[in-house]
Structures are given as structure tokens and as C-alpha cells.
Amino acid sequence: LSAQVKRKIEGKRDPEQEKEVMEWICEVTGSPLDANKSYEDNLKDGTVLCRLMNKISPGCIKKINESTMPFKLMENISNFLAAASKFGVSSTDLFQTVDLYEKR
């Protein structure tokens with residue numbers, strides 16, 4: 001089942017759109033991303049997403065965890081999602097924390 005889900009997700013992905021999003025994130029944050037890493041690997045720890053949200057809405061995420069402990073990384077992602085929701089992003093357009101963390 002997991003292999004089926006992965007194939008289905010990959011079929012819906014647009015590498016060109018992912019590239020555009022990564023370029024936009026770099027432009028907004030002013031920080032380069034690792035071109036040798038995948039889309040998910042660049043975003044997995046949530047720090048890039050938190051910095052992005054703080055550029056869009058300064059101070060909306062008070063603490064960005066730099067720890068490598070999984071629960072701290074997932075907390076970053078959760079903080080980004082909460083800030084995006086407050087910013088007006090519909091809950092139907094948001095992903096689940098674990099989906100990004102586990103690259104689903």
C-alpha cells in the first residue's frame with residue numbers, strides 16, 4: 001500500500017513548480033537552499049518555512065528550533081502551519097506536519 005501511495009503522490013508532483021517555489025522561497029528569505037537536496041529535504045526541519053513566514057509576517061513565529069531532535073523539527077513545521085492559518089491560508093490548503101517530516 002505504501003508503494004502505491006508513493007507512486008500516486010509522485011504522479012501528482014510537478015518538478016518545475018517545486019523548483020519555482022524553492023526559488024521564490026530563496027528570494028523572499030534571502031537565504032540560499034541546498035540545490036543538491038530534494039524539495040522535502042530542504043523544508044523538512046521547518047526552519048526555512050519559519051523564516052519564510054517571519055519574512056511575510058514579521059515576528060509571527062517567536063522561536064525557531066535549531067535542534068536536530070525530531071519533535072523540535074516537527075514543532076517548527078507545526079508553528080509554520082499555525083502561522084499560515086492565522087495569515088489566512090485555508091485549512092484545506094495546508095498539509096499535515098507528519099506528511100512533510102516523513103516526505104509523504
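A disulfide is counted here when a pair of cysteine sulfur atoms lies within 2.5 Å. The structure is a predicted model, in which local features need pLDDT of at least 70 and side-chain atom pairs count only at pLDDT 80 or more, while totals for chains, interfaces and linings use all residues. Residues are numbered from 1 along each chain as its sequence is written, and side-chain values use heavy atoms, with hydrogens and water left out.

**Cysteines**

A search of the whole structure finds zero disulfides. The sulfur of Cys60 has its closest cysteine sulfur in Cys50, and the 8.3 Å between them is too far for a bond.

Accessibility is described by relative accessible area, found with a 1.4 Å probe on protein chains only: buried means under 20%, exposed over 50%, and partly exposed in between.

| Residue | Relative accessible area | Class |
|---|---|---|
| Cys26 | 24% | partly exposed |
| Cys60 | 32% | partly exposed |
| Phe80 | 11% | buried |
| Phe95 | 31% | partly exposed |

**Aromatic rings**

Rings of Phe, Tyr and Trp (its six-membered ring) pair if their centres lie within 6.5 Å; planes under 30 degrees apart count as stacked, over 60 as edge-to-face and the rest as tilted. By this rule there is one aromatic pair. Phe80 and Phe95 form a stacked pair, because their ring centres are 6.4 Å apart and their planes lie at 20°. The pair links distant parts of the chain, 15 residues apart: Phe80 belongs to helix 5 (residues 70–87), and Phe95 to the loop between helix 5 and helix 6 (97–101). Helices here are DSSP runs (H or I, at least four residues), numbered from the N terminus.

A charge sits over a ring if NZ of Lys or CZ of Arg is within 6 Å of the ring centre and within 35 degrees of the ring normal. The charged end of Lys44 is placed in this way over the ring of Tyr101, 4.7 Å from its centre.

**Helix packing**

Axes are lines fitted to C-alpha atoms, for helices over the stretch in contact, and angles run from 0 to 180 degrees between N-to-C directions. Angles under 35 degrees count as roughly parallel, over 145 as roughly antiparallel, 65 to 115 as roughly perpendicular and the rest as oblique.

Helix 4 (residues 47–56) packs against helix 5 at an angle of about 30°, with the axes 8 Å apart. Helix 2 (residues 15–29) and helix 4 cross at roughly 55°, their axes coming within 9 Å. Helix 2 is thus oblique to helix 4.

Methods
Helix = DSSP H or I, 4+ residues; strand = E, 2+ residues; numbered from the N terminus.
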